[in-house]
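Morning, everyone. Have the sequence and the model open, please.

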Amino acid sequence: MKVWAYDTMKIIYFFRSLICDFLMYFLMISLGILGIPYALISRKNTYQLIRVYCKSVFFVLRFVAGLKVEIRGNVPKEPCLICSKHQSFLDVMLLASVLPNFRFIIKHQLTYLPVIGFYARKTGCVPVNRDKKIGTVNKMLSALNQEVDRQTIVYPQGTRVLPYVKKPYKFGAGLIYKNLNQKCLF
């Protein structure tokens, strides 16, 4: 009897996560495409649209998957560097939903994605080509210096890392910190 109940719960959780994934991407495509004219007006509008998307996904997670999203602590309003752990797309949405003037350091391939790439460019995200080390670093630092009054988010390990997995930090976060000369939050 217990095995049957456990298997049933696994199936239910699987379908709930499938529904959440579908709705997350559906919202991304529909809000992303419908919001293009609004986002073209200003960066402020772009941030508003991104926050609507994030809050919509949080709503779906709450009522479909039973997951509650919480933001704890003080959210920085001033320009700073934020070195964050990266486990999933959810941590990107958490930061984007609360930071007033954010930009991410992103892998350059993301700029080619139809919806994500458009909004990454509109918010001033800085693409990095990890294959071209020296040229990329100089381009990145130059782009970061053009607008220093922002919250810059970097994932110092350079990729998604599962909880409790130890992966070394890349040198880029240190260079960004030294170059921006701003407070760094971990």
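Arg43, Glu147 and Arg150 are joined in a network of salt bridges. Keep in mind that this is a predicted model.

Arginine 43 bridges to glutamate 147, with the closest N and O atoms 2.8 Å apart. Where do the two partners sit? Arginine 43 is in helix α3, and glutamate 147 is in the loop between α6 (133–146) and β4. So this pair ties together parts that are 104 residues apart in sequence. The other link runs from arginine 150 to glutamate 147, at 3.5 Å between the closest N and O atoms.

Now, buried or exposed? Arginine 150 is buried, at 1% relative accessible area. Arginine 43 is partly exposed, at 26%. Glutamate 147 is partly exposed too, at 27%.

How many salt bridges does the structure hold? It holds 4. Another one of them pairs arginine 72 with glutamate 70, at 2.8 Å from N to O. Arginine 72 is exposed, with a relative accessible area of 71%. Glutamate 70 is partly exposed, at 43%.

**Aromatics**

Next, the rings. A search of the whole structure gives 8 aromatic pairs. One of them is phenylalanine 14 with phenylalanine 15: edge-to-face, 5.3 Å centre to centre, 75° between the planes. Phenylalanine 14 is partly exposed, at 47%. Phenylalanine 15 is partly exposed, at 46%.

Then look at tyrosine 169 and phenylalanine 186. Their ring centres are 6.2 Å apart and the planes are at 15°, so this pair is stacked. Tyrosine 169 lies in the loop between β4 (151–154) and α7 (172–180), and phenylalanine 186 in the segment after β5 (184–185). The pair therefore ties together parts 17 residues apart in sequence. Tyrosine 169 is partly exposed, at 44%. Phenylalanine 186 is exposed, at 70%.

There is also an aromatic cluster, made of Tyr47, Phe102, Phe104 and Tyr155.

**Threonine 46**

Last stop: helix α3, residues 43–65, which contains threonine 46. Threonine 46 is buried, with a relative accessible area of 0%. What is it in contact with? Leaving out neighbours within four places in sequence, threonine 46 contacts Ala39, Tyr119, Lys122 and Thr123.

That brings us to helix α5, residues 114–122. Buried residues there include Tyr119, along with Val115, Gly117, Phe118 and Ala120. Just after α5, glycine 124 takes a positive phi of about 80°.

That's my tour. Questions, please.

Note on methods
Residues are numbered from 1 along each chain as its sequence is written. This is a predicted model: local features need pLDDT of at least 70, side-chain atom pairs count only at pLDDT 80 or more; totals for chains, interfaces and linings use all residues. Side-chain values use heavy atoms; hydrogens and water are left out. Helices (H or I, at least four residues) and strands (E, at least two) are DSSP runs, numbered from the N terminus. Buried means under 20% relative accessible area, exposed over 50%, partly exposed in between (1.4 Å probe, protein chains only). Contact means heavy atoms within 4.5 Å. Rings of Phe, Tyr and Trp (its six-membered ring) pair if their centres lie within 6.5 Å; planes under 30 degrees apart count as stacked, over 60 as edge-to-face and the rest as tilted. A salt bridge is a side-chain nitrogen of Lys or Arg within 4 Å of a carboxyl oxygen of Asp or Glu.
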